[in-house]
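Let us walk through this structure together, one part at a time. Have the sequence and the 3D view open, and follow along as each residue comes up.

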Amino acid sequence: MQVGELVEVKQVIGCHIPPQYRDRGVGLILKIAKSKPIAFRGESFDVGDDITVHLGTGQVEVFCEESVKVI
């Protein structure tokens with residue numbers, strides 16, 4: 001994934017089983033922010049990068065990398 005690529009955004013909503021999704025449409029990646037792992041009780045967990053996307057609706061929003069797929 002790189003800045004300037006066209007992506008499809010499907011956002012996971014809540015913690016439902018089965019998962020629920022919100023289709024946010026397509027957009028362009030503006031920025032990728034590397035996140036630091038979270039440490040909990042001596043274990044380290046990677047939470048993924050934050051992806052800033054300019055959506056087709058004109059909005060600019062930040063999503064976790066799991067919600068963004070390169071077209």
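Arg 41 sits in the loop between strand 3 and strand 4, and its phi is near 50°, a positive value in a residue other than glycine. Strands in this text are DSSP runs of E with at least two residues, numbered from the N terminus.

A word on where all this comes from: the model is predicted, so to speak of local features a pLDDT of at least 70 is needed, side-chain atom pairs count only at pLDDT 80 or more, and totals for chains, interfaces and linings use all residues. Residues are numbered from 1 along each chain as its sequence is written, and side-chain values use heavy atoms, with hydrogens and water left out.

Five strands form an open sheet in the order 6-5-2-1-7, with antiparallel pairing; two strands count as paired if DSSP finds at least two bridges between them. The edges belong to strand 6 (60-64) and strand 7 (68-70), and each has a single partner strand, so one side of each is left without a neighbour in the sheet. On average, neighbouring strands of this sheet are turned by 45° against each other, direction ignored. That angle is taken between axes, which are lines fitted to C-alpha atoms, and angles run from 0 to 180 degrees between N-to-C directions.

Let us cross the sheet pair by pair. Five bridges join strand 5 to strand 6, and within this pair Ile 51 stands opposite Phe 63. The hairpin of these two strands has four residues between the strands, and Gly 58 there takes a positive phi near 100°. Next, strand 5 (residues 50-55) is joined to strand 2 by six bridges, where Asp 50 is the bridge partner of Ala 33.

Strand 2 (residues 20-33) also pairs with strand 1 (residues 6-13), through eight bridges. Along this pair, Leu 6 stands opposite Leu 28 and Val 9 stands opposite Gly 25. Their hairpin has six residues between the strands, and Gly 14 takes a positive phi near 65° in it. Finally, three bridges join strand 1 to strand 7, with Val 70 as the bridge partner of Val 7.

What else can be found on the surface? Leu 6, Val 26, Leu 28 and Ile 71 form a nonpolar patch with about 350 Å² of accessible area together. Patches are made of residues with over 30% relative accessible area and no salt bridge, where nonpolar side chains (Val, Leu, Ile, Met, Phe, Trp, Tyr) are joined within 5 Å and like charges within 9 Å. Accessible areas come from the Shrake-Rupley method with a 1.4 Å probe, and for residues only the protein chains shown count as cover. Leu 6 is partly exposed at 41%, and Val 26 is partly exposed at 41% as well. Beyond its neighbours within four places in sequence, Val 26 is in contact (heavy atoms within 4.5 Å) with Val 7, Glu 8, His 54, Leu 55, Gly 56 and Ile 71.

Charged side chains come last. Side chains of opposite charge can pair when their charged atoms come close. A search of the whole structure finds two salt bridges, each being a side-chain nitrogen of Lys or Arg within 4 Å of a carboxyl oxygen of Asp or Glu. One joins Arg 24 and Glu 61 (2.5 Å, N to O). Arg 24 lies in strand 2 and Glu 61 in strand 6, so the pair ties together parts that are 37 residues apart in sequence. Arg 24 counts as buried at 18% relative accessibility, while Glu 61 counts as partly exposed at 22%.

The other joins Asp 49 and Lys 34 (3.3 Å, N to O). Asp 49 is in the loop between strand 4 (43-45) and strand 5, and Lys 34 is in the loop between strand 2 and strand 3 (38-40), so this pair ties together parts that are 15 residues apart in sequence. Here Asp 49 counts as buried at 14%, whereas Lys 34 counts as exposed at 69%.

Conventions
Buried means under 20% relative accessible area, exposed over 50%, partly exposed in between (1.4 Å probe, protein chains only).
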